[in-house]
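This briefing is intended to be read beside the sequence and the three-dimensional structure. Please keep both in view while going through the points below.

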Amino acid sequence: MSFIRSASFCRHPLSMIRSFSSTSIRPSGEIPKNVIENLATAQHQPGNGLIYDKKPFRIELAEGKRYSWCLCGRSKTQPLCDGTHKLEQYKITLRPVRFQVEKTGTYWLCNCKHTKNRPFCDGTHKNEDIQKTTGKN
């Protein structure tokens, strides 16, 4: 399995992830579902985290493995959680969204933190209000 590394990839410590700016969410056009969404309520938190990036991340995910998607936007291992939300000085109330995928494959995870289908990208990053933001908030 080989991935093309882009200049923006250098800031990301996870070797399985690369920045991607395509307009397509999945080749089939469908947004995947979190197969364990009924086991937790984190995906229903009312707030959105800081916009980390204005484009989603492409990532290979394995069936049956549990992942934690960063909702607060401060993780150094975006789009996955590194526990930064637990640091008292940030006073973060948002918690990561635990998820699993139905089958092993390539997925697009939201990095603007405003998707309606957490943790998967639904194209919200293309909205004018997201694109107008400057830098990492």
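The model is predicted. Its protein chain contains one helix and five strands, and the order along the sequence is β-β-β-β-β-α.

**Overall fold**

- The protein chain has 137 residues, and 47% of them count as buried.
- Among contacts in the protein chain with a separation of 6 or more, 69% involve residues 24 or more positions apart.
- The protein chain has an accessible surface of about 7800 Å². Carbon and sulfur atoms account for 50% of this surface.

**Strands β2 and β5**

- Strand β2 spans residues 57-61, and four of its five residues are buried, so the strand is largely enclosed by the rest of the structure.
- Strand β2 runs antiparallel to strand β5, which covers residues 105-109, and five bridges join the two.
- Within this pairing, Ile-59 has Tyr-107 of β5 as its bridge partner.

**Nonpolar core**

- In soluble globular proteins, nonpolar side chains tend to be buried together.
- The largest nonpolar core comprises 21 residues. Leu-61, Trp-69, Phe-99 and Leu-109 have the most contacts inside this core.
- Strands β2, β3 (67-69), β4 (97-99) and β5 are the elements that each give two or more residues to the core.
- Setting aside residues up to four places away in sequence, Leu-109 touches a set of residues that includes Phe-57, Ile-59 and Leu-61.

**Aromatic rings**

- A pair of aromatic rings is described by the distance of the centres and the angle of the planes.
- Three aromatic pairs are present in the structure. One of them is an edge-to-face pair of Phe-99 and Phe-120, with 5.7 Å centre to centre and 80° between the planes.
- Because Phe-99 belongs to strand β4 and Phe-120 to the loop between β5 and α1, this pair ties together parts that are 21 residues apart in sequence.
- Phe-99 counts as buried, with 0% relative accessibility. Phe-120 is buried as well, and its relative accessible area is 0%.
- One aromatic cluster is formed by Tyr-67, Phe-99, Tyr-107 and Phe-120.

**A buried loop residue**

- Asn-117 is located in the loop between β5 and α1, the latter spanning 128-131.
- With a relative accessibility of 14%, Asn-117 counts as buried, because the cut-off for that class is under 20%.
- Leaving out residues up to four places away in sequence, Asn-117 touches Ile-31, Pro-32, Lys-33 and Asp-122.

**Salt bridges**

- Side chains of opposite charge can pair when their charged atoms come close.
- The count of salt bridges comes to two.
- Lys-55 counts as partly exposed at 25% relative accessibility, whereas Asp-53 is buried with a relative accessible area of 11%.
- A salt bridge also joins the side chains of Glu-128 and Lys-132, at 2.8 Å from N to O. Both Glu-128 and Lys-132 are exposed.

Conventions
Residues are numbered from 1 along each chain as its sequence is written. This is a predicted model: local features need pLDDT of at least 70, side-chain atom pairs count only at pLDDT 80 or more; totals for chains, interfaces and linings use all residues. Side-chain values use heavy atoms; hydrogens and water are left out. Buried means under 20% relative accessible area, exposed over 50%, partly exposed in between (1.4 Å probe, protein chains only). Contact means heavy atoms within 4.5 Å. Accessible areas come from the Shrake-Rupley method with a 1.4 Å probe; for residues, only the protein chains shown count as cover. Two strands pair if DSSP finds at least two bridges between them. A nonpolar core is a set of buried Ala, Val, Leu, Ile, Met, Phe, Trp, Tyr and Cys residues joined through side-chain atoms within 4.5 Å. Rings of Phe, Tyr and Trp (its six-membered ring) pair if their centres lie within 6.5 Å; planes under 30 degrees apart count as stacked, over 60 as edge-to-face and the rest as tilted. A salt bridge is a side-chain nitrogen of Lys or Arg within 4 Å of a carboxyl oxygen of Asp or Glu.
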